[in-house]
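Good morning, and thank you for coming. Please look at the sequence and the structure while I take you through some selected local features.

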Amino acid sequence: MKEQNTREFLNEKQQSQADIMAKYRETVLKKKKRRDITIIATVLVFIVAACVVLSLSVFFNIAKIEVTGETRYSSAEITEKSGIALDSNMFKLDKEAVCEKLEKELPYIGKAEISFIFPDGINISIRETAATIAISMSEGYAFMNDEGKILETSADLPSALALVYGFTLENISPGLNVVDYTAAPEQTSIEPSGDNGKKSSAETTKSHIVNETPLELLRSLIKAVSEFGFKDIMFYDVRDAVNLKLSYQSRYIIHLGGNANLPEKLKLAEKAIAAEDLKNINRTGIVDVSQGSKASVRSESYETLPQETTVESGSTVKPDSSGSGSGQASTTKETPPQTGEKTTKKETTTKKQTTTAKKQTTTAKKQTTTARKTTSPKKP
């Protein structure tokens with residue numbers, strides 16, 4: 001019995017020693033593994049650092065620059081304007097800044113993108129934009145794309161561009177965006193009430209007039225037209241904040257009312273015009289979607305705006321001297337476009353009434369003269 005207890009004691013002691021040795025060996029292995037990992041990590045850091053230094057100083061220097069995309073500008077001109085120098089390191093290149101510079105200094109570049117061609121090449125991809133809108137200046141016109149970017153100025157107005165009525169631009173340079181220019185709010189012109197004594201749409205929605213400058217109204221119109229994909233716009237009229245107008249295909253004048261829900265109103269107008277075209281493809285008139293819930297079409301001879309008046313509601317937008325982009329608006333007289341060919345039934349009736357009134361006045365004068373001759377005494 002005593003020998004058995006002794007053996008058990010010795011076995012337990014040996015087992016304990018074995019466990020201690022196993023734990024010691026495990027601890028030593030963990031320390032060695034940790035040390036090895038530290039050494040490997042340190043070596044990798046040095047290798048990466050060396051690669052970075054070499055890539056920024058020796059390797060990946062720009063040896064060639066290629067330009068892709070259809071554009072009016074030459075590859076040499078684009079390369080020069082980019083400011084990218086050969087032998088400079090491609091990883092030090094600020095691609096976003098270069099693209100912004102190109103889009104500003106070469107206005108007809110709508111979008112520029114830069115990509116690397118390893119190990120030593122740069123590709124500049126160009127997508128051009130096009131002028132769709134013209135804004136009057138004191139001398140000539142500023143051509144603008146759908147995003148509000150000024151592309152160029154010219155003394156002549158191409159017939160393909162949609163003209164803006166409501167304000168003029170001053171001291172604006174190609175490459176800038178009209179978003180950078182603001183006009184001070186001005187009083188919106190309100191059309192006079194009709195003969196029936198009813199208030200005009202502007203008078204019934206005075207709460208919707210305020211604080212919208214012509215430039216802001218134009219932005220809203222352009223955004224809505226661009227989002228909806230409405231084409232063949234001949235002019236934008238933003239002189240009346242509650243009676244915005246578009247000319248479509250030189251056939252219809254679209255009365256939009258205020259600038260609320262413009263995409264929905266354009267959709268209503270498109271459906272109404274499509275329905276009218278099924279009846280008569282050459283029909284002209286006015287499409288009124290100002291209520292926003294329905295469209296009404298009046299068949300009239302095509303006219304842009306009332307021709308018998310000169311509206312004094314335009315504004316001139318000028319940048320301030322500080323270059324911050326804000327500007328002041330000065331009121332300018334703006335004569336509505338004239339067609340000179342067709343008149344509405346209402347204008348014809350008015351002219352007839354005026355002619356009749358003149359004839360009646362002439363007859364009355366003749367009668368008065370005859371009466372005076374009859375009653376005057378004879379000379380002795």
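Two strands are said to pair if DSSP finds at least two bridges between them. Helices (H or I, at least four residues) and strands (E, at least two) are DSSP runs, numbered from the N terminus. Please note that this is a predicted model, in which local features need pLDDT of at least 70 and side-chain atom pairs count only at pLDDT 80 or more, while totals for chains, interfaces and linings use all residues. Residues are numbered from 1 along each chain as its sequence is written, and side-chain values use heavy atoms, with hydrogens and water left out.

I begin with the strands. Strand β5 (residues 141-144) is joined by 4 bridges to strand β6 (residues 150-154), and the two run antiparallel. Across this pairing, Tyr141 stands opposite Ser154 in β6. The hairpin of β5 and β6 has 5 residues between the strands, and Gly148 takes a positive phi there, near 90°. Strand β4 (residues 133-137) is also antiparallel to β5, again with 4 bridges; here Ala134 is opposite Phe143 in β5. In the hairpin of β4 and β5, with 3 residues between the strands, Gly140 has a positive phi near 95°.

Next, helix α3 (residues 95-105). Which of its residues are buried? They are Val98, Cys99, Leu102 and Glu103, where buried means under 20% relative accessible area, exposed over 50%, and partly exposed in between (1.4 Å probe, protein chains only). These residues cover an arc of only 130° around the axis, so they lie on the same side of α3; the arc is that of the directions from the helix axis to the C-beta atoms. Their cover includes α2 (75-82), β2 (109-117) and β3 (121-128), with contact meaning heavy atoms within 4.5 Å.

I turn now to the loops. Between β2 and β3 lies Pro119, which a cis peptide bond joins to Phe118, with omega about 10°.

Asp232 has a positive phi of about 60° although it is not a glycine. This residue sits in the loop between α5 and β8 (233-237) and is partly exposed, at 43% relative accessible area. Asn261, likewise not a glycine, has a positive phi of about 55°. Its loop runs between β10 (252-257) and α6 (262-279), and Asn261 counts as exposed because its relative accessibility is 53%.

Finally, Glu216 belongs to helix α5 (residues 214-228). Glu216 is partly exposed, with 28% relative accessible area.
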